[in-house]
Amino acid sequence: MLAKHKKGSKVKRTSLAKDENIAVATFFPVFLTTKTQELLHCCVGEDVSAENPLKLLQKDDIISDMKTRAGVSDFHPAKHIILDYPEEELLLVYDNNFQYGQNFFLVTTQEAKEKLLNSKKEVAGLEKQDIEVDDEEELTHFEYHTPEPQPWFSLGSEMEIEELTQIVSQQKLVVRATRAMKFFGKPISFSDLDPTDPRAGVVNCAPYEDATHTLSRLQMDCAVQASPVLNNNYSQTAWRYPRNAHTQYCPRMLTETERTTIQKSHEFIEFLTSRARRMVLALQQNYIVDVFSDEWVALPGKEELVERRSDDQLKEIQSFIDPTFSKDESITCIHWHPTLHDVVVLSIMEPLPFDEHVKQTTQSVPSRLLVWQFSDPAQPKVLLESVAGTYCFEFCPSDQNLIAGGCRNGQIVLWDITSHTHRLMKQKTEKVKDSIAATETGLKEVCKPPSEKQCAASSTESGHHMSVTDVHWLPGYYKLSCFGVPLMNKTKLCLQLLSCSVDGTILFWDIRPAKSAEPLERRRLSEKGGVKTRRLKYLDLKCHPLFKVSVPSLSGGSDCSLTCLSLHIDTEKSSQAKEARKVLDNVDYADLQQPPLCNAKILDDIVTNIFVGTKDGEVVSTSWRLQKDSGGKFTSSKPHFVIPTHHGSIVTMERSPFCCDLLLCVGGDSFSLWKEGVQDGALQVSRCETHLYTSGCWSPSRPAIFFLGRSDGMLEVWDLLEEPTPIKFHNVTSSAVTNIRVQSEYSHVFLFSVLTFSASTSIADLHTSYPTQIMQNHLPSTQYY
Amino acid sequence: MAEVEETLKRIQTQKGVVGVIVINSEGMPIRSTMDNNTTVQYASLMQQLAAKARSAVRDVDPQNDLTFLRIRSRKNEILVAPEKDYLLIVIQNTNE
């Protein structure tokens with residue numbers, strides 16, 4: 001029974017299941033309360049049950065129920081279904097299993113209703129039948145229905161099918177081949193033809209190795225540029241509202257207490273002391289030296305120099321005219337005092353022409369040497385008397401108090417002005433006092449200047465016979481033996497002098513006592529006794545010349561009359577000797593002895609040449625060394641040359657202070673320049689001027705300048721660098737200029753003394769600027785070199 | 001204190017000295033012989049200049065240091081002696 005029921009239920013279930021698909025939309029679940037069930041006569045368990053779920057309801061009943069109970073009615077949710085239902089009877093189905101949510105459900109559609117009703121009947125009918133029939137009816141229930149074709153869903157199988165299908169893609173070629181008629185019916189054999197066979201007519205394109213394919217590219221130019229990734233960036237603080245961050249209206253100051261504490265601190269004191277030292281040094285420096293002064297600007301400008309140029313005339317500073325002593329007499333020689341710069345010594349004589357000087361040799365007219373000082377132009381300071389007229393003189397280079405002069409009668413005279421030097425020097429400093437004293441006394445007493453006699457004179461027999469024309473001291477760095485051999489002079493004193501005269505001889509003298517003099521002690525005793533004797537007294541009238549050099553004249557025969565001579569003086573050696581002499585005190589010549597020959601050392605580098613000028617205008621160069629004659633006797637050597645140069649007698653022969661072998665020779669109406677060693681002739685002879693020259697002098701500070709005095713009183717200034725005319729003419733005096741001496745001590749101012757026949761001496765100042773800018777004293781610089 | 005006075009007097013009595021000022025490193029005058037306005041002006045100017053000069057010297061050679069500074073003008077000369085913490089300023093008239 002159960003099995004059958006099961007099957008039946010199974011069927012039912014299946015039919016119900018089928019209906020369910022339809023019924024989802026059509027069944028409306030509704031919950032009916034017990035009260036509603038009683039009203040509608042569908043109580044559960046009584047009218048409706050599981051086996052009999054169906055109940056037909058009247059539509060009107062439901063509507064009346066809904067109206068009576070309005071919203072509370074159970075049918076309220078299905079209100080619209082009920083109202084819309086077309087038939088009068090609604091099917092209510094009891095849902096025991098709550099299949100659709102509620103205990104009842106309404107069937108909303110007619111078809112479902114019918115189905116359900118029918119199925120119920122079938123089930124009822126089936127159930128009835130089931131009970132009756134069993135296994136036999138089972139097989140007949142399986143009704144085979146042919147499956148209906150479903151619409152086909154592609155699942156990918158068609159692709160494979162398509163791939164495997166063979167479709168004719170190309171149109172088949174139709175080749176129609178015909179044979180000749182005769183061959184019809186005969187068997188045909190088709191065969192394959194290899195395509196490589198040439199009959200095939202197939203050209204085979206065989207593959208070949210292409211060379212380009214094997215080429216492997218090893219290197220390839222590839223350009224690479226490294227470009228840095230640059231990024232310019234800037235930032236700026238945004239100062240949106242510019243305003244002062246800090247303001248200060250008055251300076252900050254320290255308070256007094258702070259200041260005092262600082263000043264008391266140790267390090268402050270240290271700082272101040274150390275810094276102050278340096279500061280004081282700097283402050284002192286500032287007012288000692290002005291380091292920023294511009295010296296170039298401070299130099300005199302061009303305008304000043306131009307002014308000076310025009311003002312380069314000789315200015316006469318002083319003129320010494322002495323009415324008492326030198327009236328109507330001529331000045332023959334003048335020398336500056338070697339050390340006292342304002343003392344001038346001059347020799348005066350009768351104003352006779354030179355020729356008459358020569359003649360009147362025997363006549364001994366007493367004459368004087370005047371010593372002038374600048375401070376007293378009216379009177380000479382000292383008068384030096386001599387036995388005869390002194391034609392020339394010279395200061396001893398080593399002893400400033402000794403003057404050697406040559407007289408007209410052939411004598412050599414020595415003066416010693418030691419006693420007056422002191423007075424002269426004193427005079428210099430006490431000039432002011434004297435002038436005051438003089439004004440006081442009213443110049444009533446004109447004191448006669450002291451005179452000094454000569455201290456020694458040479459012997460008359462062995463000296464010159466005729467007038468001595470030139471006297472020179474030998475420089476102190478050598479001395480001569482009695483044969484003219486230069487020897488070394490240890491004492492560096494000038495003890496020898498030479499003189500030339502009109503009689504054609506040059507004599508060498510020595511002021512030391514001769515060997516044959518009295519023994520030393522006895523002499524001393526006699527001298528010491530009482531009276532203060534003159535120096536060099538031993539020489540008086542006993543002086544003999546060392547040796548004699550005679551100069552033969554050109555024409556032969558009688559000797560020529562010599563007028564002046566010039567020695568070679570080595571300036572360096574003479575200055576050395578001067579230095580050596582400074583340490584020596586006043587020397588008593590009496591103590592010096594003429595040393596024996598063998599003691600002294602022979603000097604070989606002394607130039608023994610002398611230039612001599614004659615009356616006839618010849619220039620003679622000779623050496624004073626005596627030579628052995630054929631007979632063994634020592635005679636004077638032959639002169640190197642005798643050249644007639646000038647037309648008149650030679651008045652001056654002077655060596656240039658800068659070049660010691662350059663000689664200026666003035667005579668007649670021309671001058672000539674000679675050089676030591678050049679034996680052919682003069683370096684240069686000037687052309688004959690219109691006037692006679694009477695004197696000449698080199699400038700001691702400018703190398704190429706010399707001064708010539710003319711017979712008409714003009715002074716010519718010659719510059720060798722600016723030949724050929726004299727650069728300046730100065731009219732000095734009315735009468736002839738006899739002697740020029742230039743003071744060399746003052747570097748920027750020249751002081752001339754120009755002598756004339758009329759016994760007036762004028763000291764002239766040649767202005768500095770001339771011919772070009774600033775004068776310089778070249779002499780010290782050349783000596784330095 | 002007496003040393004300070006003596007030293008300053010020594011500087012002051014040199015020929016041509018117009019004024020002496022001592023300032024500290026911040027430019028505040030410690031001691032001065034001139035009036036306040038001038039002092040303050042000189043102090044600020046010289047402090048800056050000395051600092052600049054020192055930095056210039058040390059830039060060229062770091063081993064070097066400024067020892068003395070002199071500013072010479074037409075009318076006068078200003079001498080500045082710097083130290084670690086202080087500055088000594090002296091104004092002197094020149095000869096020209």
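Tutor: In chain B, residues 24 or more positions apart account for 38% of the contacts with a separation of 6 or more, a contact meaning heavy atoms within 4.5 Å. The model is a predicted one, in which local features need pLDDT of at least 70, side-chain atom pairs count only at pLDDT 80 or more, and totals for chains, interfaces and linings use all residues. Residues are numbered from 1 along each chain as its sequence is written, chains are lettered from A and ligands numbered from 1 in the order in which they are written, and side-chain values use heavy atoms, with hydrogens and water left out.

Chain B has two helices and five strands, in the order α-β-β-α-β-β-β from the N terminus on. Helices (H or I, at least four residues) and strands (E, at least two) are DSSP runs, numbered from the N terminus. Of the 96 residues of chain B, 44% count as buried, that is, under 20% relative accessible area with a 1.4 Å probe and protein chains only.

The part to examine is the packing of helix 1 (residues 2-12) of chain B with helix 10 (residues 266-288) of chain A, whose axes come within 10 Å and cross at roughly 15 degrees. Axes are lines fitted to C-alpha atoms, for helices over the stretch in contact, and angles run from 0 to 180 degrees between N-to-C directions. Helix 10 of chain A and helix 1 of chain B are therefore roughly parallel to each other, a term for angles under 35 degrees. Among the residues making this contact are A:Phe268, A:Ile269 and A:Leu272 of helix 10 of chain A, and B:Val4, B:Leu8 and B:Ile11 of helix 1 of chain B. The contact residues divide into ten nonpolar, two polar and two charged; Ala, Val, Leu, Ile, Met, Phe, Trp, Tyr, Cys and Pro count as nonpolar, Asp, Glu, Lys and Arg as charged, and the others, Gly among them, as polar.

Helix 10 of chain A also meets helix 9 (residues 256-264) of chain A, their axes coming within 5 Å and crossing at roughly 65 degrees. That makes helix 9 of chain A roughly perpendicular to helix 10 of chain A, the term covering 65 to 115 degrees. This contact is made by A:Ile262, A:Gln263 and A:Lys264 of helix 9 of chain A with A:His266, A:Phe268 and A:Ile269 of helix 10 of chain A. By class, its residues are three nonpolar, two polar and one charged.

Methods:
Angles under 35 degrees count as roughly parallel, over 145 as roughly antiparallel, 65 to 115 as roughly perpendicular and the rest as oblique. Buried means under 20% relative accessible area, exposed over 50%, partly exposed in between (1.4 Å probe, protein chains only).
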